[in-house]
Amino acid sequence: ERGACGGGVYGIGTEGQMMEMTGGVISLNTATGTRSSGGGISLGSRNDRLHDGLTARLVMNGGTLTKNHADGWGGGINMSIGSAEINAGNITSNVAQGSMSGLQNDYWIGGGIYVDKQATLHIKNVEIAENTAQWGGGGIAACPTATVEIYRIQGGVIHDNRSKDVYKNYLSDIVVNQTNYRPAIAISSYM
């Protein structure tokens, strides 16, 4: 499937509503266009006016997001708004192109997951692997005002992600900053 936001699934709603994924596969989807996001799943869009007064919540308790593509942000998952609890599953082999959308100066793209602005991501028992971003964050990329929490005791594994980024100071698995800003990222043993 193809779409500008959420090539596979677009999630948005009012407070208290959520999307839950407990199994299955979301794959071979593409988010295309200038401000495209979320090849597999997009929580909101990169256009704030489209979700004014709305929010999004994803709870992933299993399943796989694989081989999805975004011309812009978040090859597997884009989080423009809301929150995601990823408690189990796999996010693998997704691609965020970035440069096709004129994002050469946007250093965080997120091959596996992109977390924007005030969005919050909690990762527990999930594998995020073999994703690719044209710029920063092959596995996960987070905007400076985003919150990302990774719980290592619950088995979150982030490995073998790639970034074609020319800025060698950025990690290929997780990109956490741009210039002098840092998103809130916690890697904790406890919930």
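Trainee: In which sense do strand E3 (residues 19-27) and E6 pair, and over how many bridges?

Mentor: Two strands count as paired if DSSP finds at least two bridges between them. Here, E3 and E6 are joined by seven bridges in the parallel sense. The model is a predicted one, in which local features need pLDDT of at least 70 and side-chain atom pairs count only at pLDDT 80 or more, while totals for chains, interfaces and linings use all residues. Residues are numbered from 1 along each chain as its sequence is written, and side-chain values use heavy atoms, with hydrogens and water left out.

Trainee: How many helices and strands are there in the protein?

Mentor: Both are DSSP runs numbered from the N terminus, helices being H or I runs of at least four residues and strands being E runs of at least two. The protein has 19 strands and zero helices.

Trainee: What pairing does E6 make with strand E9 (residues 83-92)?

Mentor: E6 and E9 also run parallel, with eight bridges between them.

Trainee: Why is strand E6 described as largely enclosed?

Mentor: Burial is judged by relative accessible area: under 20% is buried, over 50% is exposed, and values in between are partly exposed, using a 1.4 Å probe and protein chains only. Strand E6, residues 57-66, is largely enclosed by the rest of the structure because seven of its ten residues are buried. For the protein as a whole, 54% of the 191 residues are buried.

Trainee: Where is Thr92, and which residues does it contact beyond its sequence neighbours?

Mentor: A contact means heavy atoms within 4.5 Å. Thr92 belongs to strand E9 and is buried, its relative accessible area being 15%. Outside the four places on either side in sequence, Thr92 contacts Thr64, Leu65, Thr66, Lys67, Glu127, Ala129 and Asn131. Its C-alpha atom is separated by 9.6 Å from that of Gly75, 17 residues apart along the chain.

Trainee: What share of the contacts in the protein joins residues 24 or more positions apart?

Mentor: Among contacts with a separation of 6 or more, that share is 84%.

Trainee: How many salt bridges does a search of the whole structure find?

Mentor: Side chains of opposite charge can pair when their charged atoms come close. The criterion is a side-chain nitrogen of Lys or Arg within 4 Å of a carboxyl oxygen of Asp or Glu. The search finds one salt bridge. Its members are Glu85 and Arg57, with the closest N and O atoms 3.0 Å apart. Since Glu85 is in strand E9 and Arg57 in strand E6, the pair ties together parts that are 28 residues apart in sequence. Glu85 is partly exposed at 26% relative accessibility, and Arg57 is partly exposed at 33%.

Trainee: Which residues touch the most other members of the largest nonpolar core?

Mentor: A nonpolar core is a set of buried Ala, Val, Leu, Ile, Met, Phe, Trp, Tyr and Cys residues joined through side-chain atoms within 4.5 Å. The largest core has 36 residues, and Ile77, Ile91, Ile113, Val115 and Leu121 touch the most other members. Strand E12 (residues 120-129) contributes the most to this core, with four residues. Val115 has contacts that include Met79, Leu121, Ala141, Cys143 and Val148, leaving out residues up to four places away in sequence.

Trainee: Where does Gly136 lie, and is Gly136 buried or exposed?

Mentor: Gly136 is in the loop between strands E13 (132-133) and E14 (140-142). At 0% relative accessibility, Gly136 is buried. The C-alpha atoms of Gly136 and Lys164 are 7.7 Å apart, although 28 residues separate the two along the chain.
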